[in-house]
Amino acid sequence: MSQSVNARKVAIVGCGFVGSAAAFTLMQSKLFSEMVLLDANTEKAEGEAMDIAHGISFAGQMKIYAGGYDDIADAAVIVVTAGANQKPNETRLDLVHKNVNIFKSIIPEIAKRDFKGILLIVANPVDILTYVAVKLSGLPENRVIGSGTVLDTARLKYALSEHLEVDSRNVHSFIIGEHGDSEIAAWSSANVSGVPLNTFCEMRGHFNHEKSMEAIAEKVKNSAYEIISKKHATYYGVAMAVKRICECIVRDEKSILPVSSMMHGNYGIDDISLSMPGIVGANGIETLIPISLDETETAKLQESARMLKEIAAGLDL
Ligand SMILES: NC(=O)c1ccc[n+]([C@@H]2O[C@H](COP(=O)([O-])OP(=O)(O)OC[C@H]3O[C@@H](n4cnc5c(N)ncnc54)[C@H](O)[C@@H]3O)[C@@H](O)[C@H]2O)c1
């Protein structure tokens, strides 16, 4: 039977730190009128659904409940946050085998119910798991996206806004490539309200561009490690990234976000998912934006892709 889509329904698979923070944020966003929480630990999903539902009378009317795969099949967006998280000193890529196995138990359950919405992957390593979700689901590639470097890009904008004492919403810059250790700050296209970054830095009294940018990119890249060493998990920032992506989908905003999606020849990269800025709307990712990269950035992006492809090639899907 062909499945219909309930445009006002969202589902979250995995209700740990990230899933429950995303659910709490989505409840407050009023984007959806129905939210289903699914977890291998049913009691955890039920407890989170009850707790979050107790905020509804302060936000806006909606239904929140714990459910199974039959309950989520008609959601407009299914957010997958199920999977092990990084422990101190673990990289995101260390999680690959554990989380691919978890995905083997989740994605086919969604696919076999003729899911017609958008699959939003958040669990790590997000680029590899987005690739895995594309391959295991057989869904059209535009409807399978990863949160990718949306969070890293928000971290970069925040760090630059602090450095330059300007509103982070006026900073236009992207982290691209892997959401992880090989990510790249695309400095050559960065600007503040159309003013090239270096010119804006000078306006604000900063002249040592190379050193500052290197320090900011390193800080952004390592911020998850720093947070995990202090509080064992990161979840509020990514919850806001999930909300922002859902907003683009539900409202068909066609906003440009660096989500993770399948590459086909872009910048010489093929058959792997990674983050590049793309137009996101009701159909998921519509098209990638060919931002200009210099030679070093292109080489780093290709190296990031090569490393991800090597990992993907070793998977038994
Ligand atoms: N993409 C990002 O920007 C980003 C940011 C932070 C964390 N993460 C990732 O999100 C994932 C979740 O992190 P967390 O801190 O919430 O972990 P967590 O351990 O708190 O939660 C994971 C949840 O997944 C559930 N789960 C496990 N297997 C399942 C299955 N087969 N079906 C349904 N539920 C299942 C567990 O019961 C648990 O409740 C991790 O992989 C983490 O690295 C991604």
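Which residues does Lys157 touch, not counting residues up to four places away in sequence? They are Ser168, Val171 and Ser173, where two residues are in contact if their C-beta atoms, placed from the backbone, lie within 7 Å.

## Basis of the report

This is a predicted model, in which local features need pLDDT of at least 70, side-chain atom pairs count only at pLDDT 80 or more, and totals for chains, interfaces and linings use all residues. Residues are numbered from 1 along each chain as its sequence is written.

## Overall architecture

The chain contains ten helices and 16 strands; helices (H or I, at least four residues) and strands (E, at least two) are DSSP runs, numbered from the N terminus. The radius of gyration of the chain is 19 Å, close to the 20 Å that the globule rule gives for 317 residues, so the chain is as compact as a globular protein of that length. Here the radius of gyration is taken over C-alpha atoms, and the globule rule is 2.2 Å times the number of residues to the power 0.38. The C-alpha trace spans about 60 × 45 × 35 Å along its principal axes.

Of the 317 residues, 44% count as buried. A residue is buried if 20 or more other C-beta atoms lie within 10 Å of its own, exposed if 12 or fewer, and partly exposed in between, with C-beta atoms placed from the backbone. Among the contacts in the chain with a separation of 6 or more, 72% are made by residues 24 or more positions apart.

## The shell around the ligand

The ligand is surrounded by 32 residues, and the closest are Gly16, Phe17, Val18, Ala82 and Asn124. A residue counts as near a molecule if its C-beta atom, placed from the backbone, lies within 6 Å of it. The elements that give two or more residues to this shell are α1 (17-29) and α4 (96-111). Helix α4 provides the largest share, four residues.

By class, the shell holds 16 nonpolar, 14 polar and two charged residues. In this scheme Ala, Val, Leu, Ile, Met, Phe, Trp, Tyr, Cys and Pro count as nonpolar, Asp, Glu, Lys and Arg as charged, and the others, Gly among them, as polar. Domain 1 (6-146) and domain 2 (149-314) each give at least three residues to the shell; the domain bounds come from an automatic or database domain assignment.

## The annotated active site

In an unreviewed entry, UniProt lists His179 under "active site". UniProt positions are given in the numbering used here, feature names are shortened, and annotations may be inferred rather than shown by experiment. His179 is located in the loop between β8 (175-176) and β9 (184-185). It counts as buried because it has 31 C-beta neighbours inside 10 Å. Apart from neighbours within four places in sequence, His179 is in contact with Val126, Asp127, Gly148, Thr149, Asp152, Ser260 and Ser275.

## Annotated binding positions

The "binding site" annotation of the unreviewed UniProt entry covers several residues, including Gln86, Arg92, Asn124, Val126 and Asp152. Gln86 occupies the loop between β4 (75-80) and α4, and it is buried, with 20 other C-beta atoms within 10 Å. Residues up to four places away in sequence aside, Gln86 touches Arg92, Leu95, Asn124 and Ile228. Val126 belongs to helix α5 (residues 126-137) and counts as buried, with 31 C-beta neighbours inside 10 Å. With residues up to four places away in sequence left out, Val126 touches Ile121, Gly146, Ser147, Gly148, His179 and Ser260.

UniProt also lists Lys157 and His172 for "binding site" in the unreviewed entry. They span 16 residues in sequence, yet no two of their C-alpha atoms are more than 7.3 Å apart, so they gather at one spot. Lys157 is part of helix α6 (residues 150-164) and is buried, with 22 C-beta neighbours inside 10 Å. His172 lies in strand β7 (residues 171-172) and is partly exposed, with 17 other C-beta atoms within 10 Å. Not counting residues up to four places away in sequence, His172 touches Ala190 and Asn191.

## An exposed helix position

Glu210 is placed in helix α8 (residues 209-231). With 9 C-beta neighbours inside 10 Å, Glu210 counts as exposed. Its C-alpha atom is separated by 9.5 Å from that of Asn198, twelve residues apart along the chain.
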